[in-house]
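Good morning, and thank you for making the time.

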Amino acid sequence: MVRSLVQCSLRQMLENGFFHADPHGGNLLATKDASLCYLDFGMTSTLTQEQSYGIILAIVDLVNRDWENLVALYKRLGILDKDADEEPIVKALNDALPDVLDASVGQFNFKSVISKLGTVFYSFDFQLPPYYTAILRCLGVLEGVAIQVDPEFKILNEAYPFVASRMLSDDSAELRSALKGFLVKDGELVADRWTGLLTSASRMNGDDISVGLNSFLEYIFADDSTEMRYMLADLLVEELDGLGVDLTKFLRGYLANNSLFSLQAQPGDAQMSPKLQQALSLVNDSLLRKGVRIDDFFGIMQRFITLPAGQKFVAEVVLGVAERYSARTIRAIFRLPPAAESTRRKR
């Protein structure tokens, strides 16, 4: 019921553009059929589509500590003067929030975040519009209600999967541009952001990850996304190669520890690496836990692989992994030292 309350309010804000701004316990009613009923609409607010996108991007920037983007976003939304000096504000945000944001997404405390942000807002010339303060109030009240049921509840832990799902599935030009800016840094896709976004989106209650995956693949294989496809191919080569190395070490260590084979294993080989654990978690969250049918998943993949751009993409990934495997095998045969490998292939 608590999760339904949070997601219902998020949908009101970020999809419908009209939301109940005071969802405390006295304004809520649980019906006999386990539905949720909102009462007393004396405090409400509205959002334009641009403002809704702005809130989505603000949550993404906050979670990922991207203060430069957050300050630029505040300027676009009119919350901060366009001529304001960004550097001291970025420094103030960085100085005010590290103890809150050093934790994982699941450990965020919204009350602490707002308290820290409030200090920065009052120190600089921020002009918070009514809708923004209504959103802050709404999220704070939601977390307060939820904490009465679950003391460990964190509103941003529930909000981020919703935001991640919207980022992947929304085909608006603004969010598509923001998605590219979020995933790309210094001309390369950031692996942690890419996998983290998919993992978070997969935890969205009642939202099939295949929907987001399908939309994202449509974006990746669009005619104007050639550069993104190359970057994604480079990232997949890097990740698949690393997974292959980690899986080989794990199996070698596991078999050696069980005395089935005479294998030379290094200490720790039988332990799953963080990369391997993350991959298994992604598969479990995206396919197994969510109940996504395997034939649906492969149906989506088959649809895009039949495209000329999809076939070229698969060839790029297969060739890249094969090149790395061959190079590693040759170095092992001739006992050569490991060579530095570039994540970007020449094209």
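The protein contains 15 helices and 6 strands. These elements are DSSP runs numbered from the N terminus, with helices (H or I) of at least four residues and strands (E) of at least two. Before I continue, please note that this is a predicted model, in which local features need pLDDT of at least 70, side-chain atom pairs count only at pLDDT 80 or more, and totals for chains, interfaces and linings use all residues. Residues are numbered from 1 along each chain as its sequence is written, and side-chain values use heavy atoms, with hydrogens and water left out.

Of the 347 residues of the protein, 43% count as buried. Here, buried means under 20% relative accessible area, exposed means over 50%, and partly exposed lies in between, for a 1.4 Å probe and protein chains only. As for contacts, defined as heavy atoms within 4.5 Å, we may look at those with a separation of 6 or more: residues 24 or more positions apart account for 68% of them.

Let me now turn to helix packing. Two packed helices are described by the angle between their axes and the distance between the axes. The axes are lines fitted to C-alpha atoms, for helices over the stretch in contact, and the angles run from 0 to 180 degrees between N-to-C directions. Angles under 35 degrees count as roughly parallel, over 145 as roughly antiparallel, 65 to 115 as roughly perpendicular, and the rest as oblique.

The pair I take to begin with is helix H1 (residues 2-16) and helix H8 (residues 155-169), which pack at an angle of about 50°, with their axes 10 Å apart. H1 is therefore oblique to H8. H1 passes H8 in a right-handed crossing; a crossing is right-handed if the near helix is turned clockwise from the far one by less than a right angle, and left-handed if anticlockwise. On the H1 side, the contact is made by Arg-3, Val-6, Gln-7, Leu-10, Arg-11, Leu-14 and Glu-15, and on the H8 side by Ile-155, Glu-158, Ala-159, Phe-162 and Arg-166. By class, this contact of H1 with H8 has 6 nonpolar, 1 polar and 5 charged residues. The classes are as follows: Ala, Val, Leu, Ile, Met, Phe, Trp, Tyr, Cys and Pro are nonpolar, Asp, Glu, Lys and Arg are charged, and the others, Gly among them, are polar.

Next, H2 and helix H9 (residues 173-183) pack at an angle of about 10°, with their axes 11 Å apart. That makes H2 roughly parallel to H9. Tyr-53, Ile-56, Leu-57 and Val-60 in H2 meet Glu-174, Leu-175, Ala-178 and Phe-182 in H9. This contact of H2 with H9 comprises 7 nonpolar residues, no polar ones and 1 charged.

H2 itself spans residues 49-63 and also holds Ser-52. Is Ser-52 buried or exposed? Ser-52 is buried, with a relative accessible area of 5%. Not counting residues up to four places away in sequence, Ser-52 touches Met-13, Leu-14 and Leu-47.

In a further pair, helix H4 (residues 86-96) and helix H6 (residues 110-123) pack at an angle of about 155°, with their axes 10 Å apart. H4 is thus roughly antiparallel to H6. The residues that make the contact are Ala-92, Leu-93 and Ala-96 of H4, and Lys-116, Leu-117 and Val-120 of H6. They divide into 5 nonpolar, no polar and 1 charged.

Another helix, H12 (residues 226-257), contains Leu-235. Leu-235 counts as buried, at 7% relative accessibility. Setting aside residues up to four places away in sequence, Leu-235 touches Leu-189, Ala-191 and Trp-194. Leu-235 and Glu-188 are 47 residues apart in sequence, and their C-alpha atoms are 7.9 Å apart in space.

I close with backbone geometry and the cysteines. Most residues other than glycine have a negative phi. Asp-40, however, has a positive phi, near 55°. Asp-40 is placed in the loop between strand E3 (36-38) and strand E4 (44-46), and is exposed, with a relative accessible area of 52%.

How many disulfides does the structure hold? There are 0 disulfides, a disulfide being a pair of cysteine sulfur atoms within 2.5 Å. For Cys-138, the nearest cysteine sulfur, that of Cys-8, is 9.9 Å away. Cys-138 is buried, at 0% relative accessibility, whereas Cys-37 is partly exposed, at 28%.
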